[in-house]
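Work through the exercises below with the sequence and the 3D view open side by side. Try each task before reading its solution.

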Amino acid sequence: MNFDQIQEAKNFIEDKIEKTPEAGLILGSGLGSLAEEVDNVEYIPYKDIPHFPESTVKGHKGRLAIGTLEGKQVMAMQGRFHYYEGYSMKEVTLPVRVMQALGIDKVIVTNAAGGIDKNFSVGGLMLIQDHINFFGDNPLIGKNEDRFGTRFPDMTYAYNPELREVAKKAADQLSINLYEGVYMGVPGPSYETPAEINMARTLGASSVGMSTIPEVIVANHAGMKVLGISCITNMAAGILDKRLTHEEVQEVTTRVKEEFQQLVKTTLKQM
Ligand SMILES: O=P(O)(O)O[C@@H]1C[C@H](O)[C@@H](CO)O1
Ligand SMILES: Nc1nc2[nH]cnc2c(=O)[nH]1
């Protein structure tokens, strides 16, 4: 994806909206219903946007929802793109570049993840403190576009400490027991083996998923503040003596929808 293609996508979106969004929302598997809460909403299907890929995964609607949420102008992605769909890292992260081009300077990234920390319960929400990139790839590989950001971006504060405090305060206000931990990202689409989960725990991971990290790297490159929230939709492979399914992932996100939406909305309001 080059600069001009991103400008083309940005111009297409800008022509359809009155107010420029100030915050981005990337809604993970089964978490897209929050986009239906957006007021004065303009829905733009990904297939209509120049150079946008299309969502191919169940639980990902495949459209932008742009409007007002908790008093903030937002651009919500109702469905994201995944490396395992066969998209390149550049394609997966194109929407973040478009957010940057629109002037968005903060993004909430959400996902469904497997719980590795044995103190986690299925249905819990985890505030992402940091991540471990196990994709074996990086969206910034290739010639650096200086208009996007620096060649070697710092990732020390990849999950913005101030935004994390806002989310923790929101969780307290809502009496939500918000976990905190490290998210490990792997390519997928197969779930992990029990041995891989034991390795991940040894390496310091609290949860595991197949997304989020490419978007967070690009968002940091773009100078955005990032907040990450995982919905723990299952215990990771081998922890319980049962198989993992995407159907269970979707069932759990549906079950915790209200709490997830309250946390994101309350946090957004106070950002
Ligand atoms: O898009 P996210 O990361 O929320 O979805 C996770 C990873 C896979 O897409 C899916 C597997 O069940 O859940
Ligand atoms: N990689 C991975 N992604 C998930 N998304 C939801 N649950 C899981 C899981 O256990 N592993």
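**Exercise 1.** In strand 9, which residue is the bridge partner of Ala113?

*Solution.* Before starting, note that this is a predicted model, in which local features need pLDDT of at least 70 and side-chain atom pairs count only at pLDDT 80 or more, while totals for chains, interfaces and linings use all residues. Residues are numbered from 1 along each chain as its sequence is written, chains are lettered from A and ligands numbered from 1 in the order in which they are written, and side-chain values use heavy atoms, with hydrogens and water left out. The partner of Ala113 in strand 9 is Ile232. Strands here are DSSP runs of E with at least two residues, and helices are runs of H or I with at least four, numbered from the N terminus; two strands pair if DSSP finds at least two bridges between them. Strand 5 and strand 9 run parallel and are joined by 10 bridges.

**Exercise 2.** Find how strand 6 (residues 125–133) is joined to strand 9, and state how far strand 9 is covered.

*Solution.* Strand 6 and strand 9 run antiparallel, with three bridges between them, and Leu125 has Cys231 as its bridge partner in strand 9. As for cover, 10 of the 11 residues of strand 9 are buried, where buried means under 20% relative accessible area, with a 1.4 Å probe and protein chains only.

**Exercise 3.** Identify the residues whose polar atoms lie close to a nitrogen atom of ligand 2, using polar contacts (pairs of N or O atoms within 3.5 Å).

*Solution.* Begin with Glu192, which has a polar side-chain atom 2.7 Å from a nitrogen atom of ligand 2. Continue with Asn234, where an N or O atom of the side chain is 2.7 Å from a nitrogen atom of the ligand. Gly114 takes part through a polar backbone atom, 3.4 Å from a nitrogen atom of ligand 2. Taken alone, ligand 2 exposes 280 Å², of which the protein buries 96%, areas being computed by the Shrake-Rupley method with a 1.4 Å probe. Strand 5 gives the largest share of the shell around this ligand, three residues.

**Exercise 4.** Which polar contacts does an oxygen atom of ligand 1 have with Ser29, Arg80 and Ala112?

*Solution.* For Ser29, a side-chain N or O atom is 2.7 Å from an oxygen atom of ligand 1, and for Arg80 the corresponding side-chain distance is 3.1 Å. Ala112 instead uses a polar backbone atom, at 2.8 Å. The protein covers 95% of the 340 Å² of accessible area that ligand 1 has on its own.

Note on methods
A polar contact is a pair of N or O atoms within 3.5 Å; within protein, one must be able to donate a hydrogen and the other to accept it, and residues adjacent in sequence count only if both atoms are side-chain atoms. Buried means under 20% relative accessible area, exposed over 50%, partly exposed in between (1.4 Å probe, protein chains only).
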